[in-house]
Amino acid sequence: MKNQELDQNKEYKYGFTTDIENVKAPKGLSEETIKFISKIKKEPKWMLDWRLKAYNRLKVSKEPNWQKPKYPKIDYQDLYYYSAPKSMKDKPKSLDEVDPKLIETYNKLGIPLNEQKKLSGVAVDAVFDSVSVATTFKGELTKKGIIFCPISEAIQKHPDLVKKYLGSVIPISDHYFATLNSAVFTDGSFVYIPPNTRCPMELSTYFRINAAETGQFERTLIIADKGSYVSYLEGCTAPMRDENQLHAANVELIALDDAEIKYSTVQNWYPGDKDGVGGIYNFVTKRGACRGKNSKISWTQVETGSAITWKYPSCILQGDNSVGEFYSIAITNNHQKADTGTKMIHLGKNTKSKIISKGISAGKADNTYRGLVDIGRKALNSRNYTQCDSLLMGNKCGAHTVPYIKNKNSSSTIEHEATTSKINEDQLFYCNQRGLNQEEAVSLIVNGFCKDVLQQLPMEFAVEAQKLVGISLEGSVG
Amino acid sequence: MLEIKNLNASINNKEILKGLNISIKPGELHAIMGPNGSGKSTLANVLSGKEGYKISGELNFLGKNLNEIPIDERAQKGIFLAFQYPTEIPGVNTSNFLRTSLNKVRKAQGKKEIDALSFIKLVKEKTNELGMDEKMLSRQLNVGFSGGEKKKNEILQMKILDPNLIILDETDSGLDIDALKIVADGVNSSRDSKKSFLVITHYQRLLNFIKPDFVHVLANGKIVKSGTKELAMQLEKTGYKGIN
Ligand SMILES: Nc1ncnc2c1ncn2[C@@H]1O[C@H](COP(=O)(O)OP(=O)(O)O)[C@@H](O)[C@H]1O
Ligand SMILES: [Mg+2]
């Protein structure tokens, strides 16, 4: 019994399900479903119109198929687009009114929401399926004029900001999944940092998929006004299920003059079992606009979960002297597939971008880095540095690097370095001889390989991420 | 301490060790000399438990049969190998690695983990004792280390882990005279009645600084001659061809 428990833990620690009564939208994708979502969120008409516009666009757009990981056809009429605990229907006013089962779920995930136990220095927005359950530290943040709330709340309370910025980085018509998200998005976080304000703590959203046959379509919008700074972290998990579940999020970041946004993700969606059954399809659109001069957006991602990960957190460097960074660790094991990378679009003068990507592939997994660096005609004196390293464990996995490079002016430079290596027997032997077992040795070596990226994570999460890197690769060598 | 009887080892269908016998008592220092390719590193690897070898014969360490014990447990029980070619591990901090390693050994001995502060104190003390630069500790493990630095780092690890069977695989090779002295000092200051050493070397030069109790000549996968320090001197004159 004990052993079995241990094995299960090793496989995926967050695979449990919370047994709770749900309110669901009618199954399938239709105008009716969209109206249902808009109504239950008590949205103003402009928001519904926006959604319907996206829906009409969706009807004439097609799923992309250029990416490496192929997936079975998704039956969009066989999904639920909204599912939320019944108890969340009459918005609980305080945490005391929230169903203890929900609080307990987050405790189990290591994200306590209670006042006494909440993580210090980190404000959390907890999203469960299609609703936000609670947001901590709201008071402290409000004092500084910082808005950190579920996007459904922002639509009601801060319509001007939402109207101005929603869809301004990822237009409704961008591509199939972005359009789908625009039509049916349910919840996610909204952040606004006022001018010249440094957000005093990490802001974090924890996404949990719980209900079966349900897609999660979250929407996050972060605006850093002039001269402000914010560091934001997103985490995610889901139960173990035999079916594949779709997660199609849109995340938009806007940095105005001299502002900086640091966005970190630790993605640990259920990856499917050893034979590749089940797991999340993580088809996410993340894009940031460095709209102001001297602004900076930095993406850091640690992707360990999901059956298929397919995302390219990107930066549009509009403002002169703006900076875009992308630090990525993508780990694929067993039958997992990842096609991930970034797009750095240089438009302003003296813009800089840096890409550090670490792909680790084990088992029968497949890992592709795909990245675009596009330096425009007017983006004089711009620079990009790209470094892509792949690490292979065993002979059955694959790693691919697909860089697209466009430099349209002669004063700019693009530098690209790529390496592929195998986990080194000598390194393992060395660690073993110093008393580390195989798993500890692998974890140490891989963490070393990823160090340049791990050190970009906020302190509070770096340790967790290091452990996750080790756990994701357990049993992959020897 | 260590009893090797009729040890045979092969890898990739190549027989390397062919009936090797050695017995080492606590407190003794044995030197093994032999030409390139005679099987010295193979012996070191087999003793530490490296996988991939086909092995027959007896390996006894502190009264226990080693054959079934995996490499990390052997290390935890006190077998230490200073590598001929210490490998580089990018991104891994030397000091952190050493602490992780020490804690694994301590845990196996039923001791509690050493706290960060005591560790720093210990590691600085040993670093200074060996006349090494403390800066090395904050660098990535062996990455960009010179040959000498790598070997000194092995000796530092030996000092910190405080094992009871120490195998030095050509630790002296490629060292200048100053580094050689540091290594020799490290060994000499560690010698006591409980520790045993198996010092593998190609040259007798090291034995001017480290006094062996016994010297063995390894050729063709077995010990062809054993003796005392005089044997090493003789080898120096006649070369390996003079033996047999
Ligand atoms: N993995 C291996 N596969 C095949 N032959 C090997 C392997 N490792 C070592 N050998 C051979 O075994 C012999 C002994 O090697 P080694 O123990 O490294 O010698 P030494 O350390 O004494 O120079 C050499 O001829 C070497 O080429
Ligand atoms: Mg050798």
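User: Why is Lys157(A) called exposed?
Analyst: The cut-offs are under 20% relative accessible area for buried, over 50% for exposed, and partly exposed in between (1.4 Å probe, protein chains only). Lys157(A) comes out at 56%, so it counts as exposed. A word on the ground rules: this is a predicted model, where local features need pLDDT of at least 70, side-chain atom pairs count only at pLDDT 80 or more, totals for chains, interfaces and linings use all residues, and side-chain values use heavy atoms, with hydrogens and water left out. Residues are numbered from 1 along each chain as its sequence is written, while chains are lettered from A and ligands numbered from 1 in the order in which they are written.

User: What makes Glu153(A) and Lys157(A) a salt bridge?
Analyst: The term asks for a side-chain nitrogen of Lys or Arg within 4 Å of a carboxyl oxygen of Asp or Glu. Here the N to O distance is 3.1 Å, so the pair qualifies. Both sit in helix 6 of chain A, four residues apart, which means about one helical turn separates them. Helices (H or I, at least four residues) and strands (E, at least two), by the way, are DSSP runs numbered from the N terminus.

User: Which other lysine does Glu153(A) pair with in a salt bridge?
Analyst: That's Lys138(A), at 3.2 Å, N to O. Glu153(A) lies in helix 6 (residues 151–157) of chain A and Lys138(A) in helix 5 (residues 138–143) of chain A, so the bridge ties together parts 15 residues apart in sequence.

User: Is Glu153(A) buried or exposed?
Analyst: Buried, because its relative accessible area is 14%. Lys138(A), at 31%, is partly exposed.

User: How do you know that Glu325(A) and Lys296(A) link distant parts of the chain?
Analyst: Their side chains meet in a salt bridge at 3.7 Å, N to O. Glu325(A) is in strand 17 (residues 323–332) of chain A and Lys296(A) in strand 14 (residues 296–303) of chain A, 29 residues apart.
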